[in-house]
Amino acid sequence: SLFNFAARPTMFIRNKVKMNSDLILSMRNGNEIPLKDVRVVEDMKKNIISIGRILDDGGMLFGKDNSLIVKYKGNLMQFRKSMKDGLYYLKADVMPARTERAYSINSDDTRWRVVEKEHKGKPPMQVKTRLRMMNRTEAHEKWGHGGKDHLDKTAKYYGIKLCGKLQGCTGCGLVKAKSKAVSRSRHDRALRKGFRLFIDTAGPYPATRGGMRYFHCIVDDYTDYTWVFFAKHKNQMPKFVKQLLDQMKGKDINVEYIRCDNAGEHMDKLQTVCRNHGVDLEYTAPGTPKQNGRVERRIAVLWQRGMAMMVHARMRKKAQAKFWGEAVNTSCFLGNLMLNSVNNTSPYEAWFGEKPTGWLKKCVEFGRIGYIPKKHTLKKKLDTKGFPAVMVGYALGHAKGTYRMYNPETKRIIRSK
């Protein structure tokens, strides 16, 4: 059969049209599209649809790579281009036009009954369906205690109109109780560096070579610059906060707020430090770590990158337990040099006001083996002039290109260029 919506049939089939008929296209998604005045032609191997006739009847055409999308009578028809013959094909099933169906509801009976109407000598007409009315709270209780969006979407799919407001459900309140969503953003965003600092502690981890099992992380709200301090005990956070505040005070950087969790192991001491420096301490609400999400996420990133560096260096588990502190410290330093998806400058440049020129050229892989010349010893002709060492970090506070090198023979870390 031939499906041609054109005003006139094409030249090569003019004499072969035998009859006109009304058919229905059944789409793969269950939707049905009625086709009127379809020309039935014998000996045709393909069904043809005239997009021009559809557009004249109120359809809309959209195009993209190798496909055409036609919106017609509230349905979408997607035609895909064939690489063999260049034609656009639509996958659908063809069905004869059916008798009209109308759904009626008895006010005394909630069951639906189907009423068939035959049209004698007249084309089938679309009958408006009467929607069943149902209270939204009743639907909530009968349909498995779903949410409002799920109820509305389900009712629309099954042709039911929900009315009324969804009342509070005791069962859902007891079983589905959850905390109110907390925004990660601050209401008073920092407008300068040092305005607000986020602090938190991570650990315990296996003891490093120096016996450190925790690391404290501090993030500046405005510049995203990060500091890490390592400690043997968790309650040493106030000590490092005091050191940082004293350093900032010497550079005329005033800290207004410090945000941390409501941890009791350092609350009193930290309050004293902040009071002496004129800093307001902001505690997060219990069970809401998102309020301190900046530093929470930064700790996770530092740890993941540090672990990735050690794994890439093929360190064994025993070595990772001893050098995780060096890896986290290196991860923090490199993170301050790198740009992120939000800021257009590096945290280093935003904090110090100058680009970290020269550092990226001096960066080498964590765990890389280098050879350090021997010093302060008399060298014999046949003696080696150097020894191998492993790069485990950068020597901050020294000239650029100074590295922390681990000597596996002496089990000591030395600084070398």
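Reader: Which residue lies over the face of Trp351?
Author: This is a predicted model, in which local features need pLDDT of at least 70 and side-chain atom pairs count only at pLDDT 80 or more, while totals for chains, interfaces and linings use all residues. Residues are numbered from 1 along each chain as its sequence is written, and side-chain values use heavy atoms, leaving out hydrogens and water. A charge sits over a ring if NZ of Lys or CZ of Arg is within 6 Å of the ring centre and within 35 degrees of the ring normal. At 5.3 Å from the ring centre of Trp351, the residue over its face is Lys193.

Reader: How many aromatic pairs are there by the rule?
Author: Rings of Phe, Tyr and Trp (its six-membered ring) pair if their centres lie within 6.5 Å; planes under 30 degrees apart are stacked, over 60 edge-to-face and the rest tilted. By this rule, the count of aromatic pairs is 17.

Reader: Trp227 and Trp351 form one of these pairs; what is the angle between the planes?
Author: A pair of aromatic rings is described by the distance of the centres and the angle of the planes. For Trp227 and Trp351 the centres are 5.1 Å apart, and the pair is edge-to-face. The angle between their planes is 85°.

Reader: How far apart in sequence are the parts that Trp227 and Trp351 tie together?
Author: Helices (H or I, at least four residues) and strands (E, at least two) are DSSP runs, numbered from the N terminus. Trp227 belongs to strand 14, whereas Trp351 belongs to helix 9 (residues 347-352). The pair therefore ties together parts whose separation in sequence, in residues, is 124.

Reader: Are the rings of Phe229 and Phe240 stacked or edge-to-face?
Author: The two ring centres are 5.1 Å apart and the planes meet at 15°, so this pair is stacked. Phe229 is in strand 14 and Phe240 in helix 5 (residues 237-250), so the pair joins parts 11 residues apart in sequence. Phe229 is buried at 16%, and Phe240 is buried at 9%. In short, the ring arrangement is stacked.

Reader: Back in strand 14, which residue's backbone oxygen lies 3.4 Å from a polar atom of the Thr226 side chain?
Author: Thr226 sits in strand 14 and is buried at 4% relative accessibility. A contact means heavy atoms within 4.5 Å; beyond four places in sequence, Thr226 touches residues including Cys217, Arg298, Leu302 and Asn336. The backbone oxygen at 3.4 Å from its side chain belongs to Asp224.

Reader: What separates the C-alpha atoms of Ala231 and Met212?
Author: Ala231 is in strand 14 (residues 226-231) and is buried, with a relative accessible area of 1%. Leaving aside neighbours within four places, its contacts include Met212, Tyr214, His216 and Phe240. Ala231 and Met212 are 19 residues apart along the chain, and their C-alpha atoms are separated by 5.1 Å.

Reader: Which peptide bond is cis, with omega near 5°?
Author: Pro204 takes part in this bond. Pro204 falls in the loop between strand 12 (196-202) and strand 13 (214-220). The cis bond runs from Gly203 to Pro204.

Reader: What is the phi of Arg314?
Author: Arg314 is in the loop between helix 7 (293-312) and helix 8 (317-337), and it is exposed at 77% relative accessibility. Lys411, in the loop between strand 19 (403-407) and strand 20 (412-416), also has a positive phi, near 60°, and is exposed at 58%. Although Arg314 is not a glycine, its phi is positive, at about 60°.

Reader: How many disulfides does the structure hold?
Author: A disulfide is a pair of cysteine sulfur atoms within 2.5 Å. Cys163 is partly exposed at 31%, and Cys363 is partly exposed at 26%. The number of disulfides in the structure is 0.

Reader: For the whole protein chain, what share of the residues is buried?
Author: The secondary structure comprises 10 helices and 20 strands. Of contacts between residues at least 6 apart in sequence, 50% join residues at least 24 apart. Among the 417 residues of the chain, the buried share is 33%.

Terms used: Buried means under 20% relative accessible area, exposed over 50%, partly exposed in between (1.4 Å probe, protein chains only). A polar contact is a pair of N or O atoms within 3.5 Å; within protein, one must be able to donate a hydrogen and the other to accept it, and residues adjacent in sequence count only if both atoms are side-chain atoms.
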